Amino acid sequence: MSAKAISEQTGKEFLYKYICTSAAVQNRFRFAQVTAETDFDRLAQDHPWLLTEKLVVKPDQLIKRRGKLGLVGVNLDLNGVKDWLKLRLQKETTVGKAKGILKNFLIEPFVPHKQEEEFYVCIYATREGDYVLFHHEGGVDVGDVDAKAQKLLIGVDEKISEESVKKALLTHAAKDKKDVLASFIVGLFKLYEDMFFTYLEINPLVVLKDGVYVLDMAAKIDATADYICKAKWGDIEFPPPFGREAYPEEAYIADLDAKSGASLKLTLLNPKGRIWTMVAGGGASVVYSDTICDLGGVDELANYGEYSGAPSEQQTYDYAKTILSLMTREKHKDGKVLIIGGSIANFTNVAATFKGIVRAIKDYQEPLTEHGVQIFVRRGGPNYQEGLRVMGEVGKTTGIPIHVFGTETHMTAIVGMALGHRPIPNLPPVAAHTANFLLNTSGASSTPASSRTSSFSESQAKGVAAIFLNLPFFSPAKATTLFSKQTKSIVWGMQTRAVQGMMDFDYVCSRSEPSVAAMVYPFTGDHKQKFYWGHKEILVPVYKNMSDAMKKHPDVDVLINFASLRSAYDSTMETMQYPQIHTIAIIAEGIPEAHTRKIIKAADEKGVTIIGPATVGGIKPGCFKIGNTGGMLDNILASKLYRPGSVAYVSRSGGMSNELNNIISRTTDGVFEGVAIGGDRYPGSVFTDHVLRYQDTPGVKMIVVLGEIGGTEEYKICQAIKQGRITKPVVCWCIGTCATMFASEVQFGHAGACANQASETAVAKNKALKEAGAFVPKSFDELGEAIKSVYDDLVAKGVIAPAEEVPPPTVPMDYSWARELGLIRKPASFMTSICDERGQELIYAGMPITEVFKSEIGLGGTLGLLWFQRRLPRYACQFIEMCLMVTADHGPAVSGAHNTIVCARAGKDLISSLTSGLLTIGDRFGGALDAAAKQFSKAFDSGMLPMEFVNKMKKDGKLIMGIGHRVKSINNPDMRVQILKDFVKQHFPSTQLLDYALDVEKITTSKKPNLILNVDGFIGVAFVDLLRTCGGFTRDEADEFVEIGALNGIFVLGRSMGFIGHYLDQKRLKQGLYRHPWDDISYVLPEHMSM
């Protein structure tokens, strides 16, 4: 959501710290917070003025009209404050319908003043700008300020001045206070803009001779501007509405949401309730809550929440386990129900998200059974059939009653089933599998023509536009027809899946050319991106700069903007510099409202239609679709979106727009055009913009509007119907009717879904629409019936003549998606069994990375997982780490280090220098570990005595690998070997091969003292003992690891540390190019030979 209420203390901190005004703002930062844990002695030390001044005390918990409710203690000393708090702190009180505990209070200095020194100031945001309200009589009895106050609208991008404030607002203020008030209001407005406030009210504002006093304050800020204002805001705590506790689970989900590109919301309404929801989609979540309340479940509704935006399996698991944990804490005499619902997804892989939910259900199998939980599931969208199958299977295996339904079932039908208002079907109809939609059932081999003309209005567009010029509600510069069969677009962002979906739609609609002309992606150079056009591969140009794309594609008039919330504003404003663009769809959610309003202003000035922000887009069957709108091809075909129908719709929600596609296709001849304007408070285009287009489009015979709680745009539809501007039948329903039944304010999934006054409630808007003449059903449950009734009437009157269906062309399924659905199989190019990075968490040989660190297995244990696929014993992990330490380096003179140094001094990079050193490792340098292990193992396993082994090697003229050292000897032992030997003897269960090698060493050193078991040989034989005796390997497995060269890997890994050290050392010492000295080279040339 965007506008979030902040505490009075936070608001005043912002004001005192950042306001810039010539008016003297008094009592800056003079406030003290009191909770049940407050130590008043310490508080008085921190705020000495508490002991010397008269005080005011009040709760700071988003409570309105505290003075009227007797919740303000005035003109008290500190002891008086304590006595006042004893009667109220941690006590329950009722404010309106909400009951809550008073737990957070604010103490401030008391400011003696007269009534005529109190004023009222408020600034709030609207679509067209920010209103400043001022009334010369403030205080608790201010009354209806909307009616009384002077108002000044500061339009978007306009500046406020002291002159305009005095002229518009201060006509009734005393002359001696006008300058101070004007300066303060101007400073307050600039603070409001700079800190991204959406609402800021001060009542009363007291003006005395020594300056200005801010007594009471209420404020909201645009939380989406966090990335802009973080440095000034700091870490803000947003308090819950009074009457609702702040639960740690809500904070946990909010934290998950902040770290995710998806949307995850949770609000606990009644933790003891028996009805729990886990709904996908911001709009759908509201519809489910409405239906539960309509069917009498308001008192038992435990939570409101939603997950959307393609969350990962792990994110869905975390969300689901939080819900299941909460609902299995207290038993209910009637058992509990969990409604896992949702509309038809546009792009979320339903099966993938359901995997997370299934994991959570399995984890909570016992508590769910114990609490008598029944689960009702309804979902549609990409791969939903597999998701429903998996959900049904987990019900059978766990014994938990899970009832599963797909798109054949009305979205909210499961609510009636869960609450016992309608029977549960024994065998719900099985929806066709995704793949079935891709078969051309007509049997024709050629690509058929489109089933009907794509838009009857297109041939008459000019005439319709001319009519529009003389009509209200509509910007004359904007186009009536947004999309046609010739529409070309540019996609901003590397959204290859969305672009391929658009091209598949184009192909199935029998368009002659793809609708995507180019892509813009500033993070790469210009290049071409490959896509499919039916069976054929085509290349789409990708440009780094918008200007290049526009110049090379002058026929483009639509931009689909997939930029992130941080860059969507800049990229959209840049796009509007090009007059060829008439329509822009902004997909990103979370754009600050101030930025959105600037986009709207610029679009209105330039005649550009904006769809969004926070939208999936829109679709015109047979012509054009925006991005992921309409979902994947199976839903496009199932909802008959490949050819136009007679019904046009507009909604806020993207997910619910796809649900409307489904409902309309099942009850009428289909969709003519549909637009989701987006869930933000200020969508780029509003309901009437599109409804009036539909009114003037001959191909549209009836209109469907899915409105929402919050805002007043639906009243414009009422006005247009009453004035005769809209004459076509309008079926309308506003979601969010449940809000009036809740005791405390609930912010729904969409930023704009919150009523700030009675007229903005869904109930009030539905009533007004019905009175105006729109067809308004009793509930969303009956929306399909209402649409069918109106459509049937139009058919009966001959207004609509349903056209004969012609099957669409077939479109091949992408390989990746076919594999996802399990329709095909193919041998993999690679196989791996040590690591899996595909999930939420990296896994080493079956062990999650978090467990790797929790278990503290160290580098040795990690190596054991990745090299040997085993969790090795602690001593084995330590031994591996010791081996890496003792082999890390052996000075600059050895060949590997020498090569690394020479390479580094030649100016080569780290990788090249390291590789140069590693390439010297072999039988003569460093590669003796494997060879020693093999030689000693073979001799020992064959039963040879140590002396026989030595004699045989001598007879064969072979060196014994791992025996001998240039410097060390029996008299000058290698301490590395000694350290390892002590550890191995102490910790290994058995050292048979090491003992054998030490016996060989006794024989070889008796002949020559430096023929010792060197560090390579020791590690080789000790490692064989480790593999054979640690209990983790069979004999064959142990021998295989030796055979395939695992032991040399120890030397390579260890010595790489040393080589890197030598490289860094040479660079640090700034050593120049190495040239070997002549005096260290023996030049041996053949003598001169004469003829």
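User: How much accessible surface does the chain have, and what share belongs to carbon and sulfur atoms?
Analyst: In this predicted model, the accessible surface of the chain comes to about 48300 Å². Carbon and sulfur atoms account for 53% of that surface.

User: And what does the C-alpha trace span along its principal axes?
Analyst: The C-alpha trace spans about 115 × 90 × 80 Å.

User: What percentage of the residues are buried?
Analyst: The chain has 1091 residues, and 55% of them are buried.

User: How many helices and strands are there?
Analyst: The chain has 38 helices and 35 strands.

User: What about contacts, what share join residues at least 24 apart?
Analyst: Taking contacts between residues at least 6 apart in sequence, 74% join residues at least 24 apart.

User: Charges next. How many positive and negative side chains are there?
Analyst: There are 121 positive and 122 negative side chains. The centres of the two sets lie 2 Å apart.

User: Which residues does UniProt list for the CoA-binding domain?
Analyst: An unreviewed UniProt entry lists residues 482–591 under "domain: CoA-binding". In the model, residues 482–591 are 25% helix and 29% strand. The end C-alpha atoms of that stretch are 24 Å apart.

User: Switching to the backbone. Which residues does the cis peptide bond with omega about 5° join?
Analyst: That cis bond joins Asn 203 and Pro 204. Pro 204 lies in strand β11, which covers residues 197–208.

User: And what is omega for the bond from Gly 612 to Pro 613?
Analyst: Omega is near 0° there, and the bond from Gly 612 to Pro 613 is cis. Pro 613 is found in a loop, between β26 (609–611) and β27 (618–620).

User: Why point these out?
Analyst: Because most peptide bonds are trans, and most residues other than glycine have a negative phi.

User: What is phi for Arg 65, then?
Analyst: Arg 65 is not a glycine, yet its phi is positive, at about 55°. Arg 65 sits in the loop between β3 (55–59) and β4 (73–76).

User: Is Arg 65 buried or exposed?
Analyst: Arg 65 counts as exposed, because its relative accessibility is 62% and the cut-off for exposed is over 50%.

User: Where is Gln 90?
Analyst: Gln 90 is in the loop between α3 (78–86) and β5 (92–95). Phi of Gln 90 is also positive, near 65°. With a relative accessible area of 43%, Gln 90 is partly exposed.

User: What follows helix α28?
Analyst: Gln 869 follows α28, and its phi is positive, near 55°. Helix α28 itself runs over residues 858–868. Its buried residues include Gly 860, Leu 863, Leu 865 and Phe 868.

User: Now Thr 668. Where is its place?
Analyst: Thr 668 is in the loop between α21 (654–667) and β30 (671–676).

User: Why does Thr 668 count as buried?
Analyst: Thr 668 counts as buried because its relative accessibility is 10%, and buried means under 20%.

User: What is Thr 668 in contact with?
Analyst: Leaving aside neighbours within four places in sequence, Thr 668 is in contact with Val 647, Ile 787 and Tyr 791. Tyr 791 is 123 residues from Thr 668 along the chain, but their C-alpha atoms are separated by 6.2 Å.

User: Which backbone atoms lie 2.7 Å and 3.0 Å from a polar atom of the Thr 668 side chain?
Analyst: The backbone oxygen of Ile 664 lies 2.7 Å from a polar atom of that side chain. For the backbone nitrogen of Gly 670, the distance to a polar atom of the Thr 668 side chain is 3.0 Å.

User: One more residue, Asn 1014. Where is it?
Analyst: Asn 1014 is in the loop between α35 (992–1007) and α36 (1015–1029). Asn 1014 is buried, with a relative accessible area of 11%.

User: Which residues does Asn 1014 touch?
Analyst: Not counting residues up to four places away in sequence, Asn 1014 touches Gly 962, Ile 963, Gly 964, His 965 and Val 977. A polar atom of its side chain also lies 3.2 Å from the backbone nitrogen of Asp 1016.

How values were computed
Residues numbered from 1 in each chain as written. Predicted model: local features only at pLDDT ≥ 70, side-chain atom pairs only at ≥ 80, totals over all residues. Heavy atoms only, no water. Helix = DSSP H or I, 4+ residues; strand = E, 2+ residues; numbered from the N terminus. Buried < 20%, exposed > 50% of the residue type's maximum accessible area, 1.4 Å probe, protein only. Polar contact = N/O pair within 3.5 Å; in protein donor to acceptor, adjacent residues only side chain to side chain. Contact = heavy atoms within 4.5 Å. Areas by Shrake-Rupley, 256 points an atom, 1.4 Å probe, with all protein chains shown as cover. Lys, Arg positive; Asp, Glu negative; His and termini not counted. Charge placed at Lys NZ, Arg CZ, Asp CG, Glu CD. UniProt positions renumbered as here; feature names shortened; annotations may be inferred.
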